[in-house]
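Please read it beside the sequence and the structure.

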Amino acid sequence: MPNPSELAARPDDHDDGPPADSRYQRLDSAAVRESTARLQQRIRSRFPDRGLWEVCSELLGLVDEVIEGGGISRRRVSLARLLSRAGIITVIVVFGGAIVLAGVDIGEDPDSMGPVDLLPLLETAVNNLVFAGIAIFFLVAVPERMERARVLRLVHRLRSLAHVIDMHQLTKVPERLERGSREDGGLDLTREQLAHYFDYCTEMLSLVGKAAALFAEDTTDGEVLDAVEGIETLTSDMARKVWQKIAVLQSQGGT
């Protein structure tokens, strides 16, 4: 491993993003997807008759949506961004052309207008610039708002999926192991199987947080970052409760 002194110094005008050759300063979306796919296969091989592996399949589909960024809503955002750029160009051409034409008209006969006559023209030019700025600001903000809404919808789906995972482990309590089958109110699981079940739930919750964190890689939008942080906090709290059950299970197994 190279020493810090051996690493190439970055220029003073870099954009504060990770270096191009960095492997550990960005969350690898491909690694998140691969981990989710492997977890889904592990759950299905151990618990083929349980619905937990199907929940993991839903998570895998959401991870694919996050990575690919496709779908109707993304195409609408792309179209809105294209129309926004066209609108900005139109505003600049129209208002800029009006100011140029006015200047050309004055230049052809500068003696026909005195300083007092220039005041209405100056006021009109300032008003045009203000209205043009407002129009450009609005056109720039529309695609950003649509993109934010698209991301927040996906984050909401991840939040709902985290609650579904929590519901799957909610009724799995170590005290029900002794009751045997499901008909008798038991879990129809051995102690070792229940430990694996809980472990899979914690892994899935962690991957939900990682899928949400992919949104934070290339954005500084405050609402998106707050939503991602909320997902990470939620999944951490849920996983902590599952680990408490694992601790109880291990303590019972040792007695």
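The largest nonpolar core holds 44 residues, of which I43, L158, M204 and F215 touch the most other members; such a core is a set of buried Ala, Val, Leu, Ile, Met, Phe, Trp, Tyr and Cys residues joined through side-chain atoms within 4.5 Å, where buried means under 20% relative accessible area with a 1.4 Å probe, protein chains only. The model is predicted, so that local features need pLDDT of at least 70 and side-chain atom pairs count only at pLDDT 80 or more, while totals for chains, interfaces and linings use all residues. Residues are numbered from 1 along each chain as its sequence is written, and side-chain values use heavy atoms, with hydrogens and water left out.

- Two or more residues each come from α1 (29-46), α2 (52-68), α4 (115-170), α5 (191-213) and α6 (222-254), and α5 gives the most, with 11 residues.
- Beyond its neighbours within four places in sequence, F215 is in contact (heavy atoms within 4.5 Å) with V66, V151, L154, V155, L158, V224 and V228.

**Aromatic pairs**
- The structure holds two aromatic pairs, counted where ring centres of Phe, Tyr or Trp (its six-membered ring) lie within 6.5 Å, with planes over 60 degrees apart taken as edge-to-face.
- F47 and Y197 have ring centres 5.5 Å apart and planes at 75°, so this pair is edge-to-face.
- F47 lies in the loop between α1 and α2 and Y197 in helix α5, so the pair ties together parts 150 residues apart in sequence.
- The rings of F47 and Y200 are also edge-to-face, because their planes are at 80°, with centres 6.1 Å apart.

Methods. Buried < 20%, exposed > 50% of the residue type's maximum accessible area, 1.4 Å probe, protein only. Helix = DSSP H or I, 4+ residues; strand = E, 2+ residues; numbered from the N terminus. Phe/Tyr/Trp six-rings, centres within 6.5 Å; stacked < 30°, edge-to-face > 60°.
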